[in-house]
Amino acid sequence: MKIYYALPSPFVRKVIVTAHLLGLNDSIERLSGKAHPINRDQDIVHANPLGKIPTFFKEDGEPLFDSRVICEYLDSLGQKKVFPSGDLRWQALREQALADGLLDAAMIIRYEKAFRPEALHWAPWLDGQKEKIISALDHFSSHADQLHERIDIGTISIGCALGYLDLRFPDYQWREGREPLAAWFSKFDELPCMKQTRPE
């Protein structure tokens, strides 16, 4: 198995954390990927028309994308499971969707500031994306008692999203006023699978 890879990507990190937990990390070859919103890496585009990472290859060479699909595929291979069953499955999938939505908004802000000329920045657009991040964070914090000691695709997604905010948006100081979420993350972020995938 192979993956187009750049660890600062929170979506790549989610896949690698999942692989660690399922005992599959050593079975995945890393391929250097230079995904870019404008100058797309044609090697990635050849396998994934969107040119995005993570792009993953099964052992038979068939490509898979995006992170949600890849994580579910890995879950089908592992002896452990990060996708729970029953009612917990829908909770975990809802958490994954909200964490991914938070990251989508954060990536829009990141791309706008990193690649678009400053004179073309549109403040209401950026503010709208930040409001999505704030709403998601407030939701997670108000429901932090539901996270407990769980390690599943929901908590993995939340952990990777919060790690990305620490990496790219430290000025947001997301912990302020969200003590329950901050307390949960301080423990979750010390799991070996999180420490070993933490981007510098």
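The following questions and answers concern a predicted model.

Me: Which residues of helix α7 are buried, and what arc do they cover around the axis?
Reply: Helix α7 spans residues 179–188, and its buried residues are Leu181, Ala182, Trp184, Phe185 and Phe188. They lie on the same side of α7, because the arc they cover around the axis is only 165°.

Me: Which exposed residues does α7 carry on the face turned away from its buried side?
Reply: The buried side of α7 is made up of Leu181, Ala182, Trp184, Phe185 and Phe188. The face turned away from that side carries two exposed residues, Glu179 and Lys187.

Me: Against which helices do the buried residues of α7 pack?
Reply: The residues in question include Trp184 and Phe185. Their packing partners are α5 (123–142), α6 (153–168) and α8 (192–195).

Me: What distance separates the C-alpha atoms of Phe140 and Arg178?
Reply: Phe140 belongs to helix α5. Along the chain, Phe140 and Arg178 are 38 residues apart, and the separation of their C-alpha atoms is 8.9 Å.

Me: Where is the cis peptide bond that involves Pro54, and what is its omega?
Reply: Pro54 is in the loop between α2 (42–47) and β3 (55–57). The cis bond joins Ile53 to Pro54, and its omega is about 5°.

Me: What is the relative accessibility of Gln173, which has a positive phi?
Reply: Gln173 is placed in the loop between α6 and α7. Its phi is near 45°, positive in a residue other than glycine. Gln173 counts as partly exposed because its relative accessibility is 46%.

Me: Which side chain of opposite charge is nearest to buried Asp41, and how far away is it?
Reply: Asp41 is found in the loop between β2 (29–32) and α2. A polar atom of the Asp41 side chain lies 3.1 Å from the backbone nitrogen of Lys34. A salt bridge requires a distance within 4 Å. Asp41 has none, and its nearest side chain of opposite charge is that of Lys34, at 6.9 Å.

Me: How many disulfides does a search of the whole structure find?
Reply: The sulfur of Cys71 is too far for a bond, because the closest cysteine sulfur, in Cys160, is 8.4 Å away. Cys193 is likewise in no disulfide, with the sulfur of Cys160 nearest at 8.2 Å. Cys71 is buried at a relative accessible area of 0%, and Cys193 is buried at 6%. The number of disulfides found in the whole structure is zero.

Key: Residues are numbered from 1 along each chain as its sequence is written. This is a predicted model: local features need pLDDT of at least 70, side-chain atom pairs count only at pLDDT 80 or more; totals for chains, interfaces and linings use all residues. Side-chain values use heavy atoms; hydrogens and water are left out. Buried means under 20% relative accessible area, exposed over 50%, partly exposed in between (1.4 Å probe, protein chains only). Helices (H or I, at least four residues) and strands (E, at least two) are DSSP runs, numbered from the N terminus. The arc is that of the directions from the helix axis to the C-beta atoms. Contact means heavy atoms within 4.5 Å. Lys and Arg count as positive and Asp and Glu as negative; His and the chain ends are not counted. A polar contact is a pair of N or O atoms within 3.5 Å; within protein, one must be able to donate a hydrogen and the other to accept it, and residues adjacent in sequence count only if both atoms are side-chain atoms. A disulfide is a pair of cysteine sulfur atoms within 2.5 Å.
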